[in-house]
Each structure stands twice: as structure tokens, then as C-alpha cells.
Amino acid sequence: MREWSVSSVNPNPLPLVFEQKRGRVKPPRHLADLTADERTAVAEALGEPAFRVKQVANHYYARLERDPANMTDLPAASRDRIVAELLPTLLNPVRTMEADKGATVKSLWKLFDGALVESVLMRYTDRATICVSSQAGCGMACPFCATGQGGLERNMSCAEIVDQVQDAAGKMTRGEIAGGPGRLSNVVFMGMGEPMANYKAVIGAVRRMVAPAPDGLGMSARNITVSTVGLVPRMKQLADEGIPVTLALSLHAPDDELRNELVPINTRWSVHEAVEAAWEYAQKTKRRVSIEYAMIKDINDQAWRADLLGDVLQSYGDWGWVHVNLIPLNPTPGSMWTASRPEDEREFVRRLIAKGIPTTVRDTRGSDIDGACGQLAAVEG
Ligand code: SAH
């Protein structure tokens, strides 16, 4: 967690802006950035009893509320000030786009410094998933991903990540998503950014998501998926956190020659190292890991690559530690690559299954609103 210095609490209700090292500026401090100790200190600095912060936390995490007008248990005179200090607006809505008759909603947010990020809410019959961003932009430069083309703007704060989830959870309970009131059940870190490159904020956010209310959103860790290009030291660290989140490894090729091109960080941590770290994660957490594989026509979808992928995964045993999730490539601007032919995709699946690897093909929700995997580019207009 970020260490917030209490002396810097601003007595006026405008959101605070902190100077960051490297001369940059941090997002306003928010309830979701605070540890339990920091909460108490902030209450003191506000001249309020400690239970005020708990009341605000109850509104934010349990009632999924953020409007001071609806927090009638707070003293009317100081309500606005307390809420402005603890729940400054982090995500300013720029635009929302809907698909699937309103069951898929993509939101474009402007952050306090003008950075743009997107999140995508997807409602299914049995669950509702929010796909969140962890960075504005991304530094991993995967050539088939729209986010990767723009480079990294900055890391998001813990609260900027949590707030995307709290917003989606609120929309679900208030019945603002087609299908009537419901509950947000799943979170996937598959929006903009590489979550393992913003480790501290991402883990902090996961802790807020799983903490029972009123300290957090009370979600199940199993229903939270962290997707990574394969930053091996961070994958190992994640395995030791003791939070059984689901890990997804974006592999996209079973051989280093091709993966060096598709996922450039492979030149630092190879297919073997990344898969071994995924296997270690499964061993330690007893959670089945997911291998993500975008199916790109005539690039990575050959039958021999399916066999090789099956062999690579099989070499770690067949105790059900892994499953493969194939993602038909979503088109991105300026890319000449397209999704695999249906018959090649079918053959790829058949060969993996023949090797005993459970394999599914992801449905491409939101592709008509550029909200599908790899299409988030966050442009206004
Ligand atoms: N940086 C993380 C999480 C974000 S992307 C990661 O790479 O895992 C979520 C998934 O979408 C990743 O598996 C990513 O490789 C995949 N993806 C990116 N661009 C895509 C595209 N154009 N079509 C299909 N999947 C894509």
C-alpha cells in the first residue's frame, strides 16, 4: 500500500493531488488506498471520530453508494467534506457503449490527470464479469493488441482499479444493466495494462475486492482472474500472497521463436520459464491456471503448434493443473492479422483435447464496440 502522510490531509474538500517521485502527480487519495491504520489517522486529521470512516466504507463497499446525499447517517454539515476527502471522483465517465442488447457495456473513463482507460462489464445468464484496466496504456508492446500499440502512459492507483469494480457492482445491484438487478460475481484483469507490471496496486486492489464488507467488496478470490504476459518473478510472488486468485498466462505460441515476436517480453522470460511459473502457481495454490492463446490465421494456429503446445503443457503432468482458452483474434487498427479459419480452430482444439488438455474457445463479447480482448485503445471522439 501507498504510505499516505497524514499531515498532508487537505482541510478543503477539493481532491488532493500529491507530488510523486519523478516529478509526476499521484491520483487523489481515496478510501480504497487506505490501510486500516491509515483510515484511523485520516479520520483524526479530518477531526472526525474513527467510526465516520467506517460509515463511509460501509456506504462505498457494502451499499455500493458514493453520493453523499444518500449517506444520511453522516452529519449533514460535514457530509460533503468527509465524502470529498475519502471518495474523491477518480473515474470521470466520458462515454459508454453497449452491445448484446445492453448485456455488454464498455465505459471510457478520464482519470484525474486526463489519462484515459476503459472497462467492460459483461453479463451472462449465470454471472457478471467486469474486465478492468490496471494501467493507462501498456508497455508490453504485443503487436496484435491495440493497447500495446500506444505504449504505457502510467500505472493506475489501487483505488482507481477498485473503483472500476465498485462502479460495476453498483450498476448491477441497482438494475442499471439489462436483465434487471443482479450481482457482480467476477473480475478479470484483462482490460488495459499488464497487471504484474503494477504489482503493488493490483494486489492492494485484489485485497479490497476480497475483504468482507465494510472493509472491501466481499468477492471470492477464485472469481478474480489476473492475466499476465508472463512476468515470472511477479508470478512467483503472486503464488506466495495466499490469495487464491485465478492466474491466466497469455502464451500465444508454444515456441520461443514465434513468441518472441508475439509477446516481446518472451526475450526476457522464455516459454519454458513462463509455463513453469504457471505450473508452480497451480501447485502452490491448487488453482487451475488458464493459458490464453489468441488464434491468429496462419501465424500460430498450425496443427503442429497445437501438438507442441499440448506437449509443452503435458510435460508438467496431467493432474488438471491447466486449461487452454483460445481467443479468436479480434481485429485491431493497422494490423494485417485476422482470426483463424473455423476449420483450423476446430483442428487445434481437437489436437489439444487429444493430448488431454481441457480446451475452450472464448466468446468474443463486445467486438462490435471495440470492447473485446486487445481492442481497448481508449480514444475520445
Ligand atoms: N496484459 C495482460 C492482460 C490484458 S489482455 C495479458 O497480456 O495477459 C487480455 C488478453 O487478451 C491477453 O491474453 C491478450 O493477449 C489478449 N489479446 C490481446 N489482443 C488481442 C486481440 N487482438 N485478439 C484477441 N486477444 C487479444
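So, T129: you'll find that residue in strand 6, and strands here are DSSP runs of E with at least two residues, helices runs of H or I with at least four, numbered from the N terminus. Before I go on, this is a predicted model, where local features need pLDDT of at least 70, side-chain atom pairs count only at pLDDT 80 or more, and totals for chains, interfaces and linings use all residues. Residues are numbered from 1 along each chain as its sequence is written, and side-chain values use heavy atoms, with hydrogens and water left out.

Back to T129. Is T129 buried or exposed? T129 counts as buried because its relative accessible area is 6%, and buried means under 20%, exposed over 50%, partly exposed in between, with a 1.4 Å probe and protein chains only. Leaving out residues up to four places away in sequence, T129 touches V120, L121, M122, Y124, L184, N186 and V188; contact means heavy atoms within 4.5 Å.

One of those partners, L184, takes us to the core. The largest nonpolar core has 117 residues, and L184, F189 and M209 touch the most other members. Such a core is a set of buried Ala, Val, Leu, Ile, Met, Phe, Trp, Tyr and Cys residues joined through side-chain atoms within 4.5 Å. Helix 5 supplies the largest share of this core, eight residues. Both domain 1 (31–86) and domain 2 (90–380) put at least three residues into this core. As for F189, among the residues it touches, not counting those up to four places away in sequence, are V132, I161, V206, M209 and I224.

Now the domains themselves. The assignment for the chain gives domain 1 (31–86) and domain 2 (90–380), with bounds from an automatic or database domain assignment. Their C-alpha centres lie 33 Å apart, and 14 residues of domain 1 are in contact with 17 residues of domain 2.

How many cavities of 30 Å³ or more does the structure hold? Three. On a 1 Å grid over the protein atoms alone, a cavity is a set of points where a 1.4 Å probe fits but cannot get out, while a pocket is an open set with protein on both sides within 12 Å along at least five of seven lines; lining residues have an atom within 4 Å of a point. Volume is the space filled by probe spheres set on the points, which are joined across faces, edges and corners.

The largest cavity comes to about 490 Å³. Of its 31 lining residues, F144, C145, S250, H252 and G374 lie nearest the centre. Helix 4 (146–150), strand 10 (224–228) and strand 12 (289–295) each give two or more residues to that lining.

The second largest cavity holds about 60 Å³. Its lining includes V120 and L121, along with W109, D167 and K171. Helix 5 gives the most here, four residues.

Last, the largest pocket, at about 770 Å³. There are 31 lining residues, and R127, V188, M190, N325 and R362 are the closest to its centre. Strand 13 gives the most, three residues, and strand 6, where we began, supplies at least two. By class, this lining has 11 nonpolar, 12 polar and eight charged residues; Ala, Val, Leu, Ile, Met, Phe, Trp, Tyr, Cys and Pro count as nonpolar, Asp, Glu, Lys and Arg as charged, and the others, Gly among them, as polar.
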